[in-house]
Amino acid sequence: MDDSGSNTQNRLYLMLSELQKIAKDVPRRFQQRLTLELLSGLANSMLDGTVFQIVDRLAEIQHVTEKQAFQMRQQLVAGHNADRQALLKQQKADLQAALERGESPARLEAAHQRDMQSLLHKQQAELTRCDMKVVTQLDQKVSEQQVILEKSGVPGFYVTNDPQEIRLQLYLLRFISEVSQMPALAQTDT
């Protein structure tokens with residue numbers, strides 16, 4: 001075997017050894033799913049460094065998606081706050097005008113309370129729709145990532161909605177990330 005092949009084989013063994021060490025830190029119910037075959041396949045898929053690049057890029061996309069979702073929600077919340085303040089300002093002006101006309105504020109205050117409750121109900125429904133949209137977008141992003149990793153030949157990845165399978169895939173992603181931080185293992189064969 002030449003030096004290049006020997007080096008590759010050594011890195012494969014080192015990666016597998018590191019993956020086995022890392023796998024010991026996951027909950028026992030997942031450890032039994034992390035077979036030698038799966039970890040060996042994962043180590044082999046990381047040898048040329050492409051998997052590291054794919055996972056880094058997917059992490060960047062995930063971060064951007066989450067940041068956009070957070071900003072969208074924050075804008076909605078800020079708009080809701082502004083709408084409530086505007087309603088309170090209008091209600092205060094209406095109450096002041098009613099008092100100046102000598103009217104009793106009781107009827108107006110009850111109407112104001114109904115208007116505020118109606119606005120709050122509407123805003124809560126909008127926030128719920130926004131949150132559901134974000135969850136749907138993130139679920140779609142997970143599916144897209146699963147497809148990319150599966151097509152890239154990374155063992156353990158396929159499209160699933162099963163929370164246990166997704167958790168296992170998250171552990172595999174963590175393993176890849178940890179190995180990518182180990183300079184001796186993350187170097188690529190060229």
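Modeller: The part I will take is helix α5, whose buried residues are His112, Met116, Leu119, Gln123, Leu127, Cys130, Val134, Lys141, Ser143, Gln145, Gln146 and Leu149. Buried means under 20% relative accessible area, with over 50% called exposed and the range in between partly exposed (1.4 Å probe, protein chains only). Helices are DSSP runs of H or I with at least four residues, and strands are runs of E with at least two, numbered from the N terminus. The model is predicted, so local features need pLDDT of at least 70 and side-chain atom pairs count only at pLDDT 80 or more, while totals for chains, interfaces and linings use all residues. Residues are numbered from 1 along each chain as its sequence is written, and side-chain values use heavy atoms, leaving out hydrogens and water.

α5 has 47 residues and spans 68 Å from its first C-alpha to its last, close to the expected 69 Å; the expected span is 1.5 Å times one less than the number of residues. Just after α5, Gly153 has a positive phi of about 80°.

The buried residues of α5 pack against α4 and α6. Helix α4 covers residues 50–100 and, with 51 residues, reaches 75 Å, close to the 75 Å expected. α4 is followed by Gly102, also with a positive phi, near 85°. The axes of α4 and α5 (residues 105–151) come within 11 Å and cross at roughly 175°, which makes the two helices roughly antiparallel. Axes are lines fitted to C-alpha atoms, for helices over the stretch in contact, and angles between N-to-C directions run from 0 to 180 degrees. Angles over 145 degrees count as roughly antiparallel, under 35 as roughly parallel, 65 to 115 as roughly perpendicular and the rest as oblique. The residues of this contact divide into 24 nonpolar, seven polar and 11 charged. Here Ala, Val, Leu, Ile, Met, Phe, Trp, Tyr, Cys and Pro are nonpolar, Asp, Glu, Lys and Arg charged, and the others, Gly among them, polar.

His80 illustrates the α4 side. This residue is found in α4 and counts as buried because its relative accessibility is 5%. Beyond its neighbours within four places in sequence, His80 is in contact (heavy atoms within 4.5 Å) with Gln123, Glu126 and Leu127. Of these, Gln123 and Leu127 are on the list of buried α5 residues.

On the α6 side, Ile176 is found in helix α6 and counts as buried at 0% relative accessibility. Not counting residues up to four places away in sequence, Ile176 touches Leu42, Met46, Val51, Phe52, Val55 and Val154. The C-alpha atoms of Ile176 and Ala43 are separated by 8.6 Å, though the two residues are 133 apart along the chain.
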